[in-house]
Amino acid sequence: MTSIIPPSVVPLGRRQPAALLSHREKDKLIERAFLGLYRWYTSRSQETRNWNPDKSFDWRALRTNASADVTTIVQGFFAVEQYAPDYTSELVNLVRRSHGRSHFQLRWGSEEEKHADAWENVLLFSRQRSPQWIAEYKERLRSQQWTLPFPDAITNLVYTVFQERATQLNYLNLMAVASGKSDKAHLRGQEDPVLASVARTIAVDEAAHYNFFLEGVRLYLYYYPQQTLEAIRTVITQFSMPSSHLVPDWDKFAETVYRAGVYGPRDFSRDVMQVVFRNLGIESRRTLEEGIKATRAVPNFDANATQQTAIWDTFDYGLVEGDVKRLHVKIGKYEQEVGLSDLDPTEFVENPELPKAFGLVNQERERS
Ligand SMILES: [Fe+2]
Ligand SMILES: [Fe+2]
């Protein structure tokens, strides 16, 4: 409603940006950054992570007497990654109109399928599961179909950030077990350099995925703070690992990873949620909840500016703006290297809704 009040009537102290970006303009900026990031990502992926699930590991050297717990853990990882074609097709379909995002999802899918194949090789070469057993298990898994956990693109994007970090953490912790670094008595003596190398290689991919999606969420947080913060809240209140509802023996897997110190609710809170929050400039779950509540408490009519103030208070927008700018510098360097910058450079456009001076938020507080 503020937009239809003549400028002379708008109370002083309420911020009226010279020119707000329309949703269409914001979407174009986000898509453009995704495209630049996708190009940078693909080049980097080919140069630094071009491994092969069959030939990059010495499978004959994998130990053949792994404990039942280690095998249960690997089997669970294998099961989750088995749904890579579903994850990819669902996500590609969701973002099919976006060049950068849909092409990225294809590239991402090609990396995820390598994870499924590498974990399958672990099960097979460890001699802990027969080829027949694996074939039947795959058939059972694939008889079910994974579908998107949320109906909209922002919430699914946010979910992917948490999921990639959680997956990376699982693999890093299995790597610790296979490197003889577990502090659990029942996992001592489970050293296996080949398994450690597999877990490390896949964890590096997951870290790259995490970073891609994190940059995406930062873009949304910068241009659409309210919707993004609400999406983050939705995801953390109902987070579970992908396909946990489809994998037939999930409870046994969840209990085994928990006992192994590989993954559990505490790990999610400390090593997933808090890490993501730090990377997005959100202080804590409480700040997020309270910020959203405060924004909602402001009546919507004639109070858009006040509502804005409340939302900018919920996270460190200066930090997020710095990160979005850095992303554009990274894309700019890449485009310069290729020559794209001569023809069609990706440019950073400031969100005019962002409070210009840190004092603005305080001024608003003093007035209310
Ligand atoms: Fe993966
Ligand atoms: Fe991943």
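Of the protein's 368 residues, 37% count as buried, a residue being buried if 20 or more other C-beta atoms lie within 10 Å of its own, exposed if 12 or fewer, and partly exposed in between, with C-beta atoms placed from the backbone. This is a predicted model, in which local features need pLDDT of at least 70 and side-chain atom pairs count only at pLDDT 80 or more, whereas totals for chains, interfaces and linings use all residues. Residues are numbered from 1 along each chain as its sequence is written, and chains are lettered from A and ligands numbered from 1 in the order in which they are written. The protein has 15 helices and zero strands, where helices (H or I, at least four residues) and strands (E, at least two) are DSSP runs numbered from the N terminus. Among the contacts with a separation of 6 or more, 80% come from residues 24 or more positions apart, two residues being in contact if their C-beta atoms, placed from the backbone, lie within 7 Å.

- Helix α1 (residues 23-48) has 26 residues and reaches 36 Å from its first C-alpha to its last, close to the 38 Å expected at 1.5 Å a residue; the expected span is 1.5 Å times one less than the number of residues.
- The buried residues of α1 include Leu29, Ile30, Phe34, Leu37, Trp40 and Tyr41, and the buried residues of this helix pack against α4, α7 (193-223) and α13 (317-338).
- The axes of α1 and α4 come within 7 Å and cross at roughly 30 degrees, with axes taken as lines fitted to C-alpha atoms, for helices over the stretch in contact, and angles running from 0 to 180 degrees between N-to-C directions.
- α1 and α4 are therefore roughly parallel to each other, given that angles under 35 degrees count as roughly parallel, over 145 as roughly antiparallel, 65 to 115 as roughly perpendicular and the rest as oblique.
- α1 passes α4 in a left-handed crossing, a crossing being left-handed if the near helix is turned anticlockwise from the far one by less than a right angle, and right-handed if clockwise.
- On the α1 side, Glu31, Phe34, Leu35, Leu37, Tyr38, Tyr41, Thr42 and Ser45 meet His99, Gly100, Arg101, His103, Phe104 and Arg107 of α4.
- The residues of the contact of α1 with α4 divide into six nonpolar, five polar and three charged, with Ala, Val, Leu, Ile, Met, Phe, Trp, Tyr, Cys and Pro counted as nonpolar, Asp, Glu, Lys and Arg as charged, and the others, Gly among them, as polar.

- The 14 residues of helix α2 (residues 68-81) should span 20 Å at 1.5 Å a residue, and the end C-alpha atoms of α2 are 20 Å apart, which agrees.
- Helix α2 is mostly covered, with ten of its 14 residues buried, among them Val70, Ile73, Phe77, Phe78 and Glu81.
- The buried residues of α2 pack against α3 (84-94), α4 (99-125), α5 (131-142), α6 (153-178) and α9 (250-259).
- Tyr87, found in helix α3, counts as buried because it has 23 C-beta neighbours inside 10 Å.
- Leaving aside residues up to four places away in sequence, Tyr87 touches Gly109, Glu112, Trp146 and Pro242.

- The axes of helix α8 (residues 225-237) and helix α11 (residues 285-297) come within 10 Å and cross at roughly 130 degrees, which makes α8 oblique to α11.
- The crossing of α8 and α11 is left-handed, and the residues of this contact divide into five nonpolar, three polar and four charged.
- α6 and helix α10 (residues 265-279) pack at an angle of about 130 degrees, with their axes 10 Å apart, which makes α6 oblique to α10.
- The crossing of α6 and α10 is right-handed, and the contact is made by Val161, Phe162, Arg165, Ala166 and Leu169 of α6 with Asp267, Phe268, Asp271, Val272, Val275 and Val276 of α10.
- By class, the contact of α6 with α10 has eight nonpolar, no polar and three charged residues.

**Loop residues with positive phi**

- Most residues other than glycine have a negative phi.
- Arg127, in the loop between α4 and α5, has a positive phi near 65 degrees and is partly exposed, with 13 other C-beta atoms within 10 Å.
- Ser243, in the loop between α8 and α9, has a positive phi of about 70 degrees and counts as partly exposed, with 19 C-beta neighbours inside 10 Å.
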